[in-house]
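The sequence and structure are shown first.

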Amino acid sequence: MAENNRALIQLQGKFAASIIDVVEFRGEVTVTVKKDAIIDILSFLKQTLQYNLLTDLTAIDYLGKKEERFMMVYLLYSIPNKDRLRIKTPVTEADCRIPTASTVWKTANWLEREVYDLFGITFDGHPDLRRILMADDWVGHPLRKDYPLQGPDRQPYKGRLS
Amino acid sequence: MATTETMTLNMGPQHPSTHGVLRLVLELDGEVIVKVTPHIGFLHRGVEKLAEHRTYHQILPLTDRLDYLAPMSNNLGYILAVEKLMAVDVPERAETIRVIMNELTRLESHLVWLACHALDIGAMTVFIYAFRERETVMEIYELISGARMTSNYFRVGGLSQDVPDEFVKKVGDFVDSMPAYLDQYEGLLTTNPIWLKRTVGNGIISAEDAIDIGLTGPALRGSGVDWDLRRDNPYSGYEKYQFKVPTGENCDTFDRYKVRLIEMREACKIIRQGLDKLKPGPVLADFPQVCYPPKESVYNSIEGLIHHFKIASEGFAAPAGEVYQGVEAPKGELGFYIVSDGGNKPERLRIRPPSFVNLQAIEQMSVGSMVADLVAVIGTLDIVLGEIDR
């Protein structure tokens, strides 16, 4: 159960004011936190609770579905304890930036470059924020929901199913 | 006073030892590497974007085009994520066949790794031998799925079809003969002085650094971290199999070579255990909302045809929520993160590619060594660009 999660108990004790939401689905615990506390929380989880491996870092675009357009997702794994934890934090379109997690895990370097490339979220303090998958002179961010599937200057995609 | 300056050298994207379209910009001081800047994305096909426009069944063929050297592991990771989302229980026979195929895929991927890695460092014979054995795995793929590489064999809830009768004998003969072949490779390499000179002490990365930069799979175990998702977070019934998880001590290319060779021997043991416990039974879950109907019913009844048409065209609606499933792919942790908004297509499908994250360590592992040693580092990381660029 989510309330017995070892990380959640600690987070609720130390960062109670920053936790927006806790969800458990199919045995996986997701904690949504406020953006301004994200690096403190991630460092705390790594240093104190042994979440030493940043498995994945990505973003979701909720265009037109949520007030805050983007959601950053951090997937943590603890090799000593063999458990996972998912931390999410909302990022608005107007203030499309978030502090870099590459100061906590080096893994975040390329993963954040990918999010910057495909979603257009800027990471403050990132050592080398360049596009990684798309060409350097590419215009637009392909994984945004308002980016056409078949690319710009093409007929919009009507879907495989009529 | 003489002045020296560094030289910039472009390696790839068309270069035989960069294993595909990897481009490295090297800064060299004489022949010593000062800086490595990888440039990737030449094979970017937008798989994650495409997935947002397809139903859950239609995404499956995209996944085996990621790591095309280990298609079954990709299929398995995606299928397990969807099954977790839909809470589908898979019949035992299907799970056992999945484990057998997943381990055969590990053998196949490691064989290609060994072949190319040895060829890059100059041992050509191993290349020919390893591709000979890989051909048998390809034949087994063809036998069960009809395709040699893009297998597309698993389905949500089980398998697309049961294996033919000759499967057990063919796989059994292969895994029984494999240890002798592995001895053959080891005879060519493990005590070979040239091989040792090229691999011992090359590409060293400590366990702490390896975790910090996110290495997973054999690359991490070569640095002495005893962690394997098959044992520590089992899926597909891996907890019922006996196998050892090898680890290295010296964190170098030679230890990663030893780790992968032991993994191949362990994979043979897992396949043998799987063949022994293979019992007749259904290979697809009885879950009509999600699974395809059996082919006999599609061809012989109007209800079956309608059912098939509905699943193939409209798909199924998944409950709103998000799941992550990581599997121990041959190259490291392969993860699929699905965010569903309740529709028949994912809101977001994120693929966590092991090669992408592992490649990040290339600079740390090669700065200070010679250009020729960089070729060994690329080989030992075991990257595949289809997965890095997605």
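## Backbone features and helix packing

C251(B) is located in the loop that connects α10 (229–232) to α11 (253–276) of chain B. In this model, which is predicted, phi of C251(B) is positive, near 60°, although the residue is not a glycine. Most residues other than glycine have a negative phi. C251(B) has 22 other C-beta atoms within 10 Å and is therefore buried.

A second residue of this kind is found in chain A. R26(A), also not a glycine, has a positive phi of about 50°. R26(A) belongs to the loop between β1 (19–25) and β2 (28–33) of chain A.

**Chain A as a whole**

Chain A contains three helices and seven strands. Along the sequence, these elements follow the pattern α-β-β-α-β-β-β-β-α-β. The C-alpha trace of chain A spans about 50 × 40 × 30 Å along its principal axes. Of its 162 residues, 36% count as buried. Among contacts in chain A between residues at least 6 apart in sequence, 47% join residues at least 24 apart.

Helix α5 of chain B, residues 124–145, comprises 22 residues; the distance from its first C-alpha to its last is 31 Å, close to the 32 Å expected at 1.5 Å a residue. Its buried residues are V126(B), A130(B), E133(B), T136(B), V137(B), I140(B), Y141(B), I144(B) and S145(B). Viewed down the axis of α5(B), these buried residues fall within an arc of 155°, so they line one face of the helix. An α-helix has 3.6 residues a turn, so residues three or four places apart point the same way. The face turned away from the buried side of α5(B) carries the exposed residues M124(B), I128(B), R132(B), E135(B) and E139(B). The cover over the buried residues of α5(B) includes α4 (92–121) and α6 (167–189) of chain B. After α5(B) comes G146(B), with a positive phi near 90°.

In helix α2 of chain B, residues 56–63, the residues Y56(B), I59(B), L60(B), L62(B) and T63(B) are buried. They cover an arc of only 160° around the axis, which puts them on the same side of α2(B). Among the elements that cover the buried residues of α2(B) are α1, α3 (71–86) and β8 of chain B.

**Helix pairs involving α4(B)**

| Helix pair | Axes come within | Crossing angle |
|---|---|---|
| α3(B) and α4(B) | 7 Å | roughly 135° |
| α4(B) and α16(B) | 9 Å | roughly 175° |

For the pair of α3(B) and α4(B), whose axes cross at roughly 135°, the angle makes α3(B) oblique to α4(B). The contact is formed by P71(B), M72(B), S73(B) and L76(B) from α3(B), with R98(B), M101(B), N102(B) and T105(B) from α4(B). By class, the residues of this contact divide into four nonpolar, three polar and one charged.

The partner in the other pair is helix α16 of chain B, residues 371–381, whose axis crosses that of α4(B) at roughly 175°. The two helices, α4(B) and α16(B), are therefore roughly antiparallel to each other. Their contact involves C116(B), H117(B), D120(B) and I121(B) of α4(B), together with V375(B), A376(B), G379(B) and T380(B) of α16(B). The contact of α4(B) with α16(B) has four nonpolar, three polar and one charged residues.

**The contact between the chains**

Chain B contributes 35 residues to the contact and chain A contributes 29 residues. On the side of chain B that touches chain A, the elements giving two or more residues are α1 (47–51), α8 (207–212), β6 (321–329), β7 (332–340), β8 (348–352) and α14 (354–359) of chain B. Of these, β6(B) gives the most, with five residues. The residues on this side of chain B comprise 11 nonpolar, 11 polar and 13 charged.

Conventions: Residues are numbered from 1 along each chain as its sequence is written. Chains are lettered from A and ligands numbered from 1 in the order in which they are written. This is a predicted model: local features need pLDDT of at least 70, side-chain atom pairs count only at pLDDT 80 or more; totals for chains, interfaces and linings use all residues. Helices (H or I, at least four residues) and strands (E, at least two) are DSSP runs, numbered from the N terminus. The expected span of a helix is 1.5 Å times one less than its number of residues. A residue is buried if 20 or more other C-beta atoms lie within 10 Å of its own, exposed if 12 or fewer, and partly exposed in between; C-beta atoms are placed from the backbone. The arc is that of the directions from the helix axis to the C-beta atoms. Two residues are in contact if their C-beta atoms, placed from the backbone, lie within 7 Å. Ala, Val, Leu, Ile, Met, Phe, Trp, Tyr, Cys and Pro count as nonpolar, Asp, Glu, Lys and Arg as charged, and the others, Gly among them, as polar. Axes are lines fitted to C-alpha atoms, for helices over the stretch in contact, and angles run from 0 to 180 degrees between N-to-C directions. Angles under 35 degrees count as roughly parallel, over 145 as roughly antiparallel, 65 to 115 as roughly perpendicular and the rest as oblique.
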